[in-house]
Amino acid sequence: MQQEPEKTDVTDDPPETGETDPVAAEPASDELPTLERQLADALAERDANHDRFLRSQAEFENYRKRMQREAAEERKFAPLPFVRDLLPVMDNLRRAADAARTADENSDLVQGIDLVLQQIEQTLASHGVTPIPAVGETFDPHLHEAMTQMPSAEHPPMTILQELERGYKLHDRVVRPGKVIVAQAPPS
């Protein structure tokens with residue numbers, strides 16, 4: 001078996017002197033438009049990515065604020081189901097006090113029921129539940145439910161004459177509209 005002679009790398013390049021050839025360092029003239037186009041594309045992509053980043057950041061901030069607003073709204077109206085359940089109990093207590101007054105029952109009983117009603121209303125008011133004004137007010141379909149109309153020469157039409165069932169609001173939301181009798185113009 002014969003051994004091949006060792007190959008030596010022989011080039012026609014001049015020996016290195018430590019200096020670079022200025023012509024070789026510059027890109028060829030046909031490469032310049034390609035490099036400029038690549039740079040412009042890269043800059044456009046950078047700007048598009050930055051714009052997407054800013055939009056995503058703004059969307060997240062809006063989402064965070066909306067979630068905070070919804071959570072505050074949820075806390076604000078959390079007692080709504082309880083209040084709806086309690087209102088018929090208050091109506092029955094009020095009816096019991098009215099019945100006791102008309103039957104000339106023990107005035108201590110009537111006073112006791114009235115005190116309990118006052119205490120419940122104060123407690124509800126401390127949590128943002130307030131009665132909706134009715135008698136003497138102008139009828140508002142957002143706050144009142146007209147059960148019937150009654151001719152009246154003394155009151156202008158659409159004035160509430162009588163409250164059959166008291167309405168309540170929780171902050172700015174109607175829990176239950178007041179059931180009322182509304183004045184209408186007397187027949188001519």
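This briefing covers the nonpolar cores and the charged side-chain pairs of the structure above. The model is a predicted one. A search of the whole structure finds 14 salt bridges, and the largest nonpolar core holds 15 residues.

**Nonpolar cores**

- Within the largest core, the residues that touch the most other members are Val83, Leu87, Met90, Leu124, Val129, Leu170 and Val175.
- Helix 3 (80-102), helix 4 (107-126) and strand 4 (168-170) each supply at least two residues of this core, and the largest share, six residues, comes from helix 3.
- Leucine 124, residues up to four places away in sequence not being counted, touches Val83, Leu86, Met90 and Val129.
- Another core, of five residues, lies apart from the largest one and includes Ala134, Ile160, Val180 and Val182.

**Arginine 176**

- Arginine 176, found in strand 5 (residues 173-176), is buried, with a relative accessible area of 14%.
- The side chain of arginine 176 makes a polar contact with that of aspartate 91 at 2.6 Å, and, neighbours within four places in sequence left aside, the contacts of arginine 176 include Leu87, Pro88, Ile132 and Tyr168.

- Arginine 173 in strand 5 and glutamate 73 in helix 2 (residues 32-76), 100 residues apart, meet through their side chains in a salt bridge of 3.5 Å, N to O.
- Glutamate 121 forms a salt bridge with arginine 94, with the closest N and O atoms 2.6 Å apart; glutamate 121 is partly exposed at 24% relative accessible area, whereas arginine 94 is buried at 19%.
- Glutamate 163 and arginine 166 also form a salt bridge, their closest N and O atoms being 3.7 Å apart.
- Salt bridges that share partners join Asp91, Arg94, Arg95, Glu121, Glu163, Glu165, Arg166, Arg176 and Lys179 into one network.

Note on methods
Residues numbered from 1 in each chain as written. Predicted model: local features only at pLDDT ≥ 70, side-chain atom pairs only at ≥ 80, totals over all residues. Heavy atoms only, no water. Core = buried A, V, L, I, M, F, W, Y, C linked by side-chain atoms within 4.5 Å. Buried < 20%, exposed > 50% of the residue type's maximum accessible area, 1.4 Å probe, protein only. Helix = DSSP H or I, 4+ residues; strand = E, 2+ residues; numbered from the N terminus. Contact = heavy atoms within 4.5 Å. Polar contact = N/O pair within 3.5 Å; in protein donor to acceptor, adjacent residues only side chain to side chain. Salt bridge = Lys/Arg side-chain N within 4 Å of Asp/Glu carboxyl O.
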